[in-house]
Each structure stands twice: as structure tokens, then as C-alpha cells.
Amino acid sequence: MSVQLYNTMTRTTEPLTTLEPGKVKLYTCGLTVYAQPHIGNWVGYIYWDVLVRTLRANGLKVERTQNYTDVGHLVSDDDNGEDKMEKGARNEGLTAWDIAEKYIAIAEDEGYNQLGLLRPEHLERATDYIPQQIEFVKELEAKGYTYEIPDEGIYFDTGKLTDYGKLARLDIDGLEAGARVSVEGKKNITDFALWKFSPKDERRDMEWDTPWGKGFPGWHLECSVIARETLGDQIDMHAGGVDHIPVHHTNEIAQTEALTGKEFSRFWIHNNHLKVDGGKMSKSLGNTYTLADIKKKGFDLEAFKLMVLSKHYPTEGNFTWEILESFQNVLDKFRAWSDLQFQNLTSKELAKNYESAIKAVKRELSNNLNTPNALALLNGMLNRTTELGIDSKAIAAATKEIDGLFGLTLSKRGDISVEQKKLLIERAKARKNKEWVASDKLRDNLRKQGVEVKDSAGQQIWNHS
């Protein structure tokens, strides 16, 4: 089965081809670690987690790099304003280094412990690659792609390229005069900072000596350098948010290809944003929710993952508490179904049905990561369970497959205790003898222990409540 993906560069859905047969070199843009991540920050990572799982399910070996931006990301995309790390440090009365440590630790816990995302093979901090970033700029300088703006920094001269903006298909002549210019001395409207100079009258928490003076890297530089250092001059796929297309990813391509003379990435894939209550997430509106907020309301984070995946990654999603509640119900349904793996019941017809259903789910995921259709197929499979009967072994195998594809924990749910199984046997005897009062008391006893019991076709079916 081949993997088809929408390539932002070509604007077409194409079969994934790789530089090295059977292996995918993937770079995913990471968090800027200056503040508490909100739910919108995690959307892309949930999609790219399923992307990696899908690639591996198709027999491909994936080597992924993801960065932590812990320096250089200014509050605007036009190389102007305050460094977000410095701003976060000032807000909390800490140093930028302390802020980075604090929010990297939070991101690690939320991403890999709480959300259960796969950890990239290379998870790198921008500040760990400062010497390589300086060397990268020096190489561009030697090739004639840079110039200096006094008191500002070293800038990349986009006028030296004939294909700048090809990813975003920028109409450079049509850009408004001020759209990308707020630094006096830029040669071209689209030129961008490779290295920023520290203010002469101010000492920054994060600054380094260079041949051009003390300063810090421009935001776009780190991704090019980290990708090159960990994956090589060329990669197979680069992923990120749609907001990265016009500036960040466009500038990554420009500086990397200028230096290497090679195509940077064969595929570019971008996820859309998550709205809240149909509008933009905003602190002023009080709707900038976190994973902790979701848990405080009593919802599971796996329900949030299902909610995100119910929308196709190129389309906008929407978060409301009502929508999340509906996906908590979906998750509860999946969990009740997964409990059937412990029932010791069989249906050969259903076992075959599960195998074909899982294959169909994989086909949908391999078709441009169509998670909405894949989840719809899973729902259909669950509905077929009641029509055809139950095969516990087939369900056990299917839950492992589903967990592997979507990052859920259905297969890790535990069996009931020996004592609880004895209560079920007693209840079955009571029902056989038509001792309905005793049967009801045993059912209520099990419910108090977190075990719901239903009777179907003369059989007791239980699930964790």
C-alpha cells in the first residue's frame, strides 16, 4: 500500500517518494517554549503523530527531528519586536534560560506522558546548535547571500534568488510596502534576519559572540541548521502549521537551498488551526484552554485527540465543551468495546470482519491521512459488533492495531479481578434459576466496583464503568 499525501509545494496529492528506499526523513516544527502550551499548540503534533504511525504501518522506517525554539523567535514575523523568550522571562521574573527549562519540562510531560505522542528520534533545542548556526551564516556569507545592517543584524538577500517564495507562491511585487518591512536598510521587501545584533545599551539573557558582533540567531535559522545536522542536506518531508507557509518555511527553503544547492524537502505538509467556539483563541476572550483545563472538567485527553482527528488536517477544527463531550462519549464507546477482549466469546465471521475493517482504516490513513474517514470506519466496525456477535481474540488484536495507529490505550485496559469474575458466575447461576432479586443485587454490587453488566443473547457482557 502506498502513502498518498498532499504536497503544499506542488499543490497536488502525490505518492510519497523518498530519497532512500524504505526510509523517511521527517522534520516537524516544534514549540516556542516561552509560555504554557494551549490546546491549539498540540493540534499539529497529534496529526504528525498519526502520520508517523501511518508511515510505520506501511513498513517505512521513520527518522524524525523536532526542535524546541528557545531563542530568537520575535513577536512578529518581520524580524522586529521583542524575543518571545525574553518577554516570557520578564513576565515571570525569571531568566530566559529558566523559562526554557520550565516550559520544555512541561512540553515533555504533556506531549509524551499525557498525550502519549511518539517521541522523535531527535528532539533538539535551538540553543544547543549556536556554533552550527554561526557557521551556517558564515557559509552563506562566503557565497554572497548576506549583508549587514548596522545595529540590526546580518540579513539574507532574497534578491539573489530566482525562486524565492515558491512554497507560498508569493506575489512579491504585489506585497504591500509595509507587509514585510519594518527594518530600515533592507534591500528587498522579503529579506530576513539570519543573525540579530544585541542592543548596545542592553544585556540579553541569551547572546553570543560572533565575527559580526554579539547577538542571537534569527528564528528561521534554527530549523534549517537542526534539520541539516540531524538528517542531512536533504529531507523527505517537512511538516508544520499553515501559518508557517508564507514566512518561516519559505525562508527555511531559501537559506537552505542557497547554501546546499539542493532541494531541501521533497514534501511539505501543513495542518490548519483549531478555533474555539467558532472564533480565534484569545486570552482577552478567556478561551485559551490548556490540557489541564480539559482534565479539570473531567474529560480524557484521548477524547481531545479523537476530536482533533475527526477533522481532516488541512481543514480548520473547532473546540467547544459540547463537542468535546460528544467525543468523550465516542471514547467511552470504544473503551466499552475494548473490554470485550476479556469476555472469551467467539465469532469467526466477526473476526474476518475486523481484519478487513482495520485494513480499510489503514487505507484511509494512507490516503492523505484521512483521519475522519478512518474514525468513521472504526465506528462502523463497533456497530457491526452488536450485529454479528463477539470474538474476544479478534477484538484484542484489533485494539492493539487501533492503539498503534491512533496513539490510544484501548489494549492496555485491564481485565476484571478474579473476585469480580466469581460474582459474574454467581449472577449467571441466579439468572439461570430465575432468582431475579439475587441477580440484581449481584449486578448492583459489581456496579459499585466499577463494572457494568448487560445481558445479551443469554450472555453477560461487562465493561468498566
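**View 1. Helix α1 gives the most to the lining of the largest pocket, with six residues.** This is a predicted model, in which local features need pLDDT of at least 70, side-chain atom pairs count only at pLDDT 80 or more, and totals for chains, interfaces and linings use all residues. Residues are numbered from 1 along each chain as its sequence is written, and side-chain values use heavy atoms, leaving out hydrogens and water. A pocket here is an open set of points on a 1 Å grid over the protein atoms alone, where a 1.4 Å probe fits, with protein on both sides within 12 Å along at least five of seven lines; lining residues have an atom within 4 Å of a point. Look for Y34, H38, N41, K84 and D243, which lie nearest the pocket's centre among its 50 lining residues.

**View 2. Five strands, β5-β4-β3-β10-β11 in that order, form an open sheet with parallel pairing.** Strands are DSSP runs of E, at least two residues long, and helices are runs of H or I, at least four; two strands pair if DSSP finds at least two bridges between them. At the edges sit β5 (122-125) and β11 (265-271), each pairing on one side only. In the pairing of β3 with β10, you can find three bridges, and Y27 stands opposite H238 in β10.

**View 3. Q133 lies in helix α4 (residues 130-142).** Leaving aside residues up to four places away in sequence, Q133 touches A126, P217, L221, E222 and V225, where contact means heavy atoms within 4.5 Å.
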